[in-house]
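Subject: Structure handover

Hello,

Here is the structure I promised to pass on. Please open it first, then read the notes below it.

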Amino acid sequence: MRLLALLALLFLFNTAYSQNKNRQVPSKVELSGSIIDGDSNLSLEFATISVYSDIDSSLVDGTLSDNLGNFTLNVSPGDYYLKIEFISYESKIIDLETVSSAEKKKFIGRFNLFQESTVLD
């Protein structure tokens, strides 16, 4: 009886393992771009780049620009928008074209940020 129960248990585990093994993990697409100061054309390092889903505005991924203003993000195929922020600069929201699984890498552009002008009382 124990042998029969052990064989049934092994069969169940083997079946479950085989089903998980055949699942396709959605491929990721690498998005890249750069952030520059709109007035001086110098790169902005440590700007915050966030990717949000178009469907429900949930945060999908985020990163900081490097010392040359460049950034890379990895996302699954879908529809997204990008938000770029940097202290004392105006935030920028960019609606991205649909990210396709046919693309492995996609350069999404060079983005200019301009300093905010604030009047103090």
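A word on terms before the findings: contact means heavy atoms within 4.5 Å. By that rule, Ile 84 touches Ile 35, Thr 48, Ile 49, Ser 91, Lys 92, Ile 94, Phe 111 and Leu 113. That list leaves out residues up to four places away in sequence. Please keep in mind that this is a predicted model.

The core

Ile 84 turns up again in the largest nonpolar core, which has 20 residues. Ile 35, Phe 71, Leu 82, Ile 84 and Phe 111 touch the most other members. S1 (29–37), S2, S4 (70–75), S5 (80–85) and S7 (105–113) each supply at least two of its residues.

The sheet

Next, the open sheet. Its 4 strands come in the order S3-S2-S5-S6, and the pairing is antiparallel. Strands S3 (59–64) and S6 (92–95) form the edges, so to speak: each pairs on one side only. On average, neighbouring strands here are turned by 20 degrees against each other, with direction ignored. As background, strands of a sheet pair through backbone hydrogen bonds, either parallel or antiparallel.

S2 covers residues 48–53. On one side, S2 pairs with S3 in the antiparallel sense, over 5 bridges. Ser 50 has Gly 62 in S3 as its bridge partner. S2 also runs antiparallel to S5, and 6 bridges join the two. In that pairing, Ile 49 stands opposite Ile 84 in S5. Ile 49 is also among the residues that Ile 84 touches. S2 is mostly covered, with 5 of its 6 residues buried.

The aromatic pair

How many aromatic pairs does the structure hold? There are 2. In one of them, the rings of Tyr 52 and Tyr 81 have their centres 5.3 Å apart. Their planes lie at 20 degrees, so the pair counts as stacked; the cut-off for stacking is under 30 degrees. This pair links distant parts of the chain. Tyr 52 sits in S2 and Tyr 81 in S5, 29 residues apart. Both Tyr 52 and Tyr 81 are buried.

The loops

Now the loop between S1 and S2. Asn 41 lies there. Its phi is near 60 degrees, a positive value in a residue other than glycine. Phe 46 lies in the loop between S1 and S2 as well. The phi of Phe 46 is also positive, near 70 degrees. Is Phe 46 buried or exposed? Phe 46 counts as exposed because its relative accessibility is 52%, and the exposed class starts over 50%.

On to the hairpin. S2 and S3 form it, with 5 residues between them. Ser 57 in the turn has a positive phi of about 60 degrees. Ile 55 is found in the loop between S2 and S3. Ile 55 is exposed, at a relative accessible area of 80%. Its C-alpha atom and that of Asp 79 are separated by 7.6 Å. Along the chain, Ile 55 and Asp 79 are 24 residues apart.

The salt bridges

Last, the charged side chains. In general, side chains of opposite charge can pair when their charged atoms come close. Here the count comes to 2 salt bridges.

One joins the side chains of Glu 85 and Lys 83, at 3.7 Å from N to O. Glu 85 is partly exposed, with a relative accessible area of 29%. Lys 83 counts as partly exposed too, at 25%.

Lys 106 forms a salt bridge with Glu 97. The closest N and O atoms of Lys 106 and Glu 97 are 3.8 Å apart. Which of these residues is buried, and which exposed? Lys 106 is buried, with a relative accessible area of 13%. Glu 97 counts as exposed, at 61% relative accessibility.

Then follow S2 to its partners, S3 and S5.

Best wishes

Note on methods. Residues numbered from 1 in each chain as written. Heavy atoms only, no water. Pairing = 2+ DSSP bridges. Axes fitted to C-alpha atoms, helices over the stretch in contact; angles between N-to-C directions. Salt bridge = Lys/Arg side-chain N within 4 Å of Asp/Glu carboxyl O. Buried < 20%, exposed > 50% of the residue type's maximum accessible area, 1.4 Å probe, protein only. Core = buried A, V, L, I, M, F, W, Y, C linked by side-chain atoms within 4.5 Å. Phe/Tyr/Trp six-rings, centres within 6.5 Å; stacked < 30°, edge-to-face > 60°.
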